[in-house]
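Try each task before you read its solution.

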Amino acid sequence: MSKTILIADDDSTIVKLFSLDAESRDTDVMIRSSGTGEETIAMLTRQKPDVLVLDIRMPRGDGFTVLEYLQEHKIDLPVIILTNYNNDEYTKKVKNYGQVKEYMIKHEMRIDRIIDRVGSYLTAA
């Protein structure tokens, strides 16, 4: 049975890297993507992914808007925050959302480590 990762990020490079990694490992993981908060919420209403990789700053509804939606609609899934913002206020704020498992800074980690961390939540899902 295939697993799905939804990557909510307006940076298409992140999506491409996750997709290339899934192809190169020949895994049964489907990568879906959205570039705005609105699009992410629309996708979540259609199909729940196994893991959500969520950027904080996106156009038309930020990551916090998506987290509020998940909480209000009682959608339980692991969420990994992947952002460029090493911001104490953001870090504290995401802790209010129980489904947030990690807060990762894009430029502080190699992409293969990020992908491996996200993949670890697929086995738990």
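**Exercise 1.** What does the accessible surface of the protein chain come to, and what share belongs to carbon and sulfur atoms?

*Solution.* The model is predicted: local features need pLDDT of at least 70, side-chain atom pairs count only at pLDDT 80 or more, and totals for chains, interfaces and linings use all residues. Residues are numbered from 1 along each chain as its sequence is written, and side-chain values use heavy atoms, with hydrogens and water left out. Now the surface. Accessible areas come from the Shrake-Rupley method with a 1.4 Å probe. The total is about 6,800 Å². Carbon and sulfur atoms hold 47% of that.

**Exercise 2.** Describe the fold of the protein chain.

*Solution.* Count the elements: five helices and five strands. Helices (H or I, at least four residues) and strands (E, at least two) are DSSP runs, numbered from the N terminus. Next, read along the sequence: the pattern is β-α-β-α-β-α-β-α-β-α. Finally, check the extent: the C-alpha trace spans about 35 × 30 × 25 Å along its principal axes.

**Exercise 3.** Which residues of helix H3 are buried, and what covers them?

*Solution.* Buried means under 20% relative accessible area (1.4 Å probe, protein chains only). H3 runs over residues 63–72. Its buried residues are Gly-63, Phe-64, Val-66, Leu-67, Tyr-69 and Leu-70. Their cover includes helices H2 (37–46) and H4 (88–94). Strands E3 (51–54), E4 (79–83) and E5 (100–105) are also among the cover.

**Exercise 4.** Which residue follows H3 with a positive phi?

*Solution.* Lys-74 does, with phi near 50 degrees.

How values were computed:
Buried < 20%, exposed > 50% of the residue type's maximum accessible area, 1.4 Å probe, protein only. Contact = heavy atoms within 4.5 Å.
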